[in-house]
Amino acid sequence: MTVTSSSSPPVKGRQSDRVLAALAGPALPMAAMTLPLTIFLPAFYASVIGLDLALVGIVFTVVRIADLFFDPFVGGLMDRTRSRWGRFRPWLLAGGPIVMAGAAMLFMAQPGVGPLYLALALAIAYAGYSIVILSQMGIGAAISPDYNERSRVFAWWQIFNVAGLVLVLVVAPLLGLFMEMDQTLTVRLMGLVILVATPISILIAFFAVPDRSSARAAATGSTPAGNYLKLFSLRSVRILLGTVFANGLGLGISSAVFVFFFDLLKDIRPSELSLMLACFMVVSLCSAPAWAWLGRRMGKHNAMIVGGICYAIYSALTVLMPERGFGIYAMAALIGGFASCSVELLPRAMMADIADEDRLKGGHDRSGMLYALLLITHKIGQALSIGIVFALLDVIGFDASAGQENGEFALTGILLLGGAVPGALYLLGAVLIYFYPLTAGRHEEIRQMLEARSMETAAEPAIEMSDPGRLGASISHDDISGRKSD
């Protein structure tokens, strides 16, 4: 399908692969930044920069929690933005330099910088990330109103997201074949990937992708906390966010102990660990079209149930994996890589459907706020996980520098945190999403009522001039449609 104008209304049908790839492009550098933030940078600032490990954990947790207040603020601003380029494209363009400034500070830091420097760099990077991701998802939600097409839109997003993870993992090992690599150079190369890819991908998305949200009913007025609380009146919002929280907490806990889990318990060397992660991500990358297809065949929420169960199986296999059991891990990576794609792709597509449900009920497009809630919920899970894990590691007496000299109790704690606990949380997410009410059939009803309301609104001036009585009947019918949506 050829896209001709940013002001044209959303239409059903397949979108151009070129447009969807351009829209998804900024996900690559954003993903390339998030993986080091959770796995590599905390260890880098503790071992190379020289900050205390516990202090690093506190800084990461505090800044991540503070960042939660930024997302609803900027999401509300996006919903009230009106410009010739749409509601979200100006924000996408503005977010790029902010991400680059934060990444340069984080990845190019020199030994001797203090915790305040780390906190400032993290705050800038997180703010830029939020702006880019929220604007990108807002454009993606508006580019098509179709239930099934949205799975394809965010499948493209997931492809570039995982490509960024793979790229940042393999760049150092590949260069290590030709030159001597250490932890410092590895982190610097990760930062360079972000600094190069961010401006290129954002400029391509800005000029190649229409922002169809400009033609929709943008939210107006102030955006106090009460406006966000109103969104929780939708059962679909509560269930989806609960599932995303459980999944985010599980992912954050496993990520925080990932290196310790495989290094100390499974005897996997750091270089092998990066390649294992890359294989996991390649499987996830190749799985995006399959999840879009499953979302069409069984419904997106049912596909999420399958994904949660598969991820729990992956976690169980990693717990049972013997030392240097690469064969078991290969089987686990096939299952886990496949499952990890679902928990990233499907909630974003489902939130676009919820935006339609909310628009029918409230009359305004609050997709920016809804995606802010989605991002906040995921961040809360990951922020809490870092604090929980570091606190528990201290309670069980784990010493990162002691390695295998840690006691059996401490190593058992790593085993549970790295495998059993995340698996249980993903199963919890699968149970929650089972009760999700916004099926494909219900969404089609919502789209039909929205289209009928739009046609009535467009006809109101002509009706008013010819027959005031018919105008009253039209308004009455609209009110009835609104009550039906409740």
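**Exercise 1: Helix α4**

Task: State which helices the buried residues of α4 pack against, and check its length.

Solution. The buried residues of α4 pack against α2 (27–38), α3 (41–47), α5 (70–80), α7 (115–142) and α16 (367–395). Buried means under 20% relative accessible area, exposed over 50% and partly exposed in between (1.4 Å probe, protein chains only). Among the buried residues of α4 are Val-56, Phe-60 and Asp-67. The 15 residues of α4 (residues 53–67) should span 21 Å at 1.5 Å a residue, and the end C-alpha atoms are 21 Å apart, which agrees. The expected span is 1.5 Å times one less than the number of residues.

The model is predicted: local features need pLDDT of at least 70 and side-chain atom pairs pLDDT 80 or more, whereas totals for chains, interfaces and linings use all residues. Residues are numbered from 1 along each chain as its sequence is written, and side-chain values use heavy atoms, without hydrogens and water.

**Exercise 2: Helices α6 and α9**

Task: Classify the relative direction of α6 and α9.

Solution. The axes of α6 (residues 89–107) and α9 (residues 183–208) come within 9 Å and cross at roughly 170 degrees. Therefore α6 is roughly antiparallel to α9 (angles over 145 degrees).

Notes. Axes fitted to C-alpha atoms, helices over the stretch in contact; angles between N-to-C directions. Helix = DSSP H or I, 4+ residues; strand = E, 2+ residues; numbered from the N terminus. Parallel < 35°, antiparallel > 145°, perpendicular 65-115°, else oblique. Contact = heavy atoms within 4.5 Å.
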